[in-house]
Amino acid sequence: MKEPNLTMLSSSSSSSVSRKEQRLERKKRKILALAEVMQLNERDRASSSAGVSSCLASSLNEEGSSVLEVEVKGSQELQEPDQKKAKLEDADFRTLKAEVNQKRDRMRNIPKLRLKEVGEEALMKTKPEERVPLLLDDIQALLMYTLLRTDSPTNPNRWAALEKSAKLTHTTVLLIEGLTSDDFTEYESDFKECKKIFHNILQVVTPSERLVEELACIPLSDSHKDILLAEYGSLEAAMLACKDNLLIRKSIFNNIGLEQPGEGEDNGGEEYDDVELPPGDKFPRTQLLLSPIQMINEDYPLPLTGCLKHRYAGYVTTNDHYAPVSPKSPMFGLDCEMCKTSIGASELTRVSIIDEEGNEFYETLVRPENKIVDYLTQFSGITAEMMKDVSKTLKDVQKDLRNKLPPDAILVGQSLNFDLNALKMMHPYVIDTSILFNVTGTPGTKSKLKVLSQKFLKRDIQCSSRGHNSIEDCTASLELVKLKLSKNIYFGDQWLQDRRNYHKRVKSKVGIATPEDIQRLGENSTTTEITATLFGHARKKNKKSEIVTNGDNLDNFAGYFGEAIKANAAAKNLLSFQKLDSDKAAIEHTMEKCLNYDFNLCCLQLKRDDLATVDAKRAKIEQIDGWVRKLFTSISVNGLLVVLLAGGEVNERSRMAVAMIQTRKG
């Protein structure tokens with residue numbers, strides 16, 4: 001047997017130990033460098049300066065250990081030559097490593113709002129001609145999601161993603177009525193603190209009235225959520241019933257609610273509750289209207305600013321003066337047919353409209369502006385023979401419809417966005433059967449009109465070899481809507497039914513009133529009575545909210561929640577209303593109490609004197625800028641602050657607001 005080479009073994013063992021020590025030393029140097037970078041970052045945050053180490057911290061948060069070598073290099077360059085060889089003892093190394101890991105974990109658990117393409121387009125730093133503003137619904141969806149998370153009927157996914165949302169501690173909203181996006185642009189240099197704090201400053205379309213109620217149209221506590229669930233079956237149905245989308249529509253179509261020339265009466269005086277439903281309707285048809293958010297998502301033409309203004313250049317509205325929509329507003333089925341022209345686009349060749357009784361309201365063939373190269377007969381039903389003597393143009397059709405359609409008309413159709421784009425017209429009140437009916441249970445999926453007609457109307461359509469018949473199609477769409485109105489909000493919508501069934505299954509967990517409770521109180525019991533039962537069954541882990549204001553809007557807001565909440569003593573601990581004498585007092589109160597609540601809404605109505613002159617406005621903006629800094633430092637770590645500058649009732653002419661959104665890091 002060959003003797004082992006002791007010299008080689010000794011050399012190998014020594015080499016192994018040496019490599020192990022080298023690795024340990026490298027780790028120690030990395031930890032030292034990382035700790036030094038973190039200290040520099042903390043100093044930078046404290047001094048609110050944007051230095052090199054802020055970028056390193058950002059990289060560390062996103063990349064983790066993959067950037068350690070870069071940090072080591074940067075750290076060594078900051079050290080003196082005699083410090084480069086500084087060594088750590090093993091005990092110190094373990095302690096420092098634990099501290100660094102703890103800080104890194106804390107950085108990784110910071111909630112962050114990441115903008116998507118739609119959000120990026122709404123940034124104030126985007127060129128005005130390319131900017132597409134968000135709607136107040138978008139901000140509301142974010143606030144609702146921060147409170148209800150997975151139970152929320154809406155989320156901000158259209159424009160942003162809230163990462164690490166479970167780590168969010170609370171939400172604070174500062175609403176300032178009187179300043180607009182124009183003021184922010186003109187006095188941007190005076191918003192020094194805001195520009196340091198907020199990475200996300202976006203343009204938002206807001207209504208000029210009932211701004212507080214619209215912004216806070218969300219369940220502000222678990223018990224409030226239970227009230228909505230008991231009354232409507234699901235939060236989705238509650239939002240359809242309770243949310244007044246007319247306010248947002250009026251901010252987009254700013255000619256809604258205007259008096260007709262020569263008329264002296266207000267068309268919007270009636271409340272929905274006071275209007276008797278048309279025969280056959282079981283619930284208000286206004287609940288079926290597409291919301292402004294849905295209209296944007298589905299590419300409906302809307303009179304918004306930025307790139308949408310350029311996209312819909314040449315489009316006209318269907319009326320100069322719209323009346324507010326109501327449950328008695330007439331519905332009209334609309335369908336258009338198109339042919340392919342020499343410019344490679346589809347242009348309008350036929351328009352068909354029927355009224356609710358099924359009578360022909362408007363029917364005409366249309367001569368396209370460009371030469372027809374393909375009649376698409378198998379789809380459109382249009383032939384060369386039909387178009388032979390047609391002289392009516394698109395402009396003629398637009399003029400006809402503007403003269404014939406009532407100011408509160410509701411247009412009904414399947415994927416009506418294509419028809420309105422073919423007409424090059426904009427309309428605020430739309431019911432789209434492709435969205436209204438969901439037979440799969442999967443959000444966003446659409447079924448063809450032929451399928452919907454077979455399933456719900458038991459009628460076969462689009463069977464002719466000569467192509468579609470626009471009268472047949474718009475008749476089917478209108479009858480589908482009338483059928484749903486004769487049933488309930490859930491009819492034909494499998495996804496909404498699934499959500500209702502989900503809430504029924506979990507009702508024992510969330511304290512929803514039982515059928516026995518409602519039967520005992522009576523089917524016609526007021527919400528106040530049912531609410532009293534709900535508070536008795538409510539969970540102890542209710543979210544708490546506070547509303548603070550310096551104006552008269554709190555009276556409207558309290559009325560919005562009705563007598564139900566005010567009538568329950570237990571609600572006082574869940575939802576607090578504070579009306580203070582001045583904006584300064586409202587801010588100071590919010591700063592002092594914001595940690596006590598899950599949701600804080602501070603509403604400031606600026607006085608007209610505050611905005612009367614340039615110097616007065618600048619002074620007020622500088623004061624508000626300082627308040628925002630103090631409020632931001634008052635919220636907790638991982639708290640969310642939203643500042644909304646909106647014209648509101650103080651500056652009714654402007655519908656463009658600014659939303660500033662930021663989470664506070666540790």
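**Reading charge pairs, burial and contacts**

Me: The side chains of R402 and D320 form a salt bridge in which the closest N and O atoms are 2.4 Å apart. Where in the structure do R402 and D320 lie?

Reply: R402 lies in helix α16 (residues 394–404), whereas D320 belongs to the loop between β6 (316–317) and β7 (331–341), so the pair ties together parts that are 82 residues apart in sequence. Helices (H or I, at least four residues) and strands (E, at least two) are DSSP runs, numbered from the N terminus, and a salt bridge is a side-chain nitrogen of Lys or Arg within 4 Å of a carboxyl oxygen of Asp or Glu. This is a predicted model, in which local features need pLDDT of at least 70 and side-chain atom pairs count only at pLDDT 80 or more, while totals for chains, interfaces and linings use all residues. Residues are numbered from 1 along each chain as its sequence is written, and side-chain values use heavy atoms, with hydrogens and water left out.

Me: How many salt bridges does the rule give, and which residue pairs with D138?

Reply: The count comes to 14 salt bridges. One of them joins D138 to R158, at 2.7 Å from N to O; since D138 is in helix α6 (residues 136–148) and R158 in the loop between α6 and β3 (160–163), the pair ties together parts that are 20 residues apart in sequence.

Me: Are D138 and R158 buried or exposed?

Reply: Buried means under 20% relative accessible area, exposed over 50%, and partly exposed in between, with a 1.4 Å probe and protein chains only. D138 is buried, with a value of 3%, and R158 is buried as well, at 17%. R402, by contrast, is partly exposed at 26%, and D320 is partly exposed at 45%.

Me: Which residue meets K620 in a salt bridge?

Reply: The partner of K620 is D583, with 2.7 Å from N to O; K620 sits in helix α27 (residues 614–634) and D583 in helix α26 (residues 583–593), so that the pair links distant parts of the chain, 37 residues apart. Both K620 and D583 are buried. Elsewhere, salt bridges that share partners join D281, R285 and E356 into one network.

Me: What does V204 contact beyond its neighbours within four places in sequence?

Reply: Contact means heavy atoms within 4.5 Å. V204, placed in strand β5 (residues 200–205), is buried with a relative accessible area of 0%. With those neighbours left aside, its contacts include P133, L134, I139, R655, M656 and A659. A659 is 455 residues from V204 in sequence, yet the two C-alpha atoms are 6.6 Å apart in space.

Me: For the protein as a whole, how many helices and strands are there, and what share of contacts joins residues at least 24 apart?

Reply: The secondary structure comes to 27 helices and 18 strands, and 50% of the 666 residues count as buried. Among contacts between residues at least 6 apart in sequence, 74% join residues at least 24 apart.
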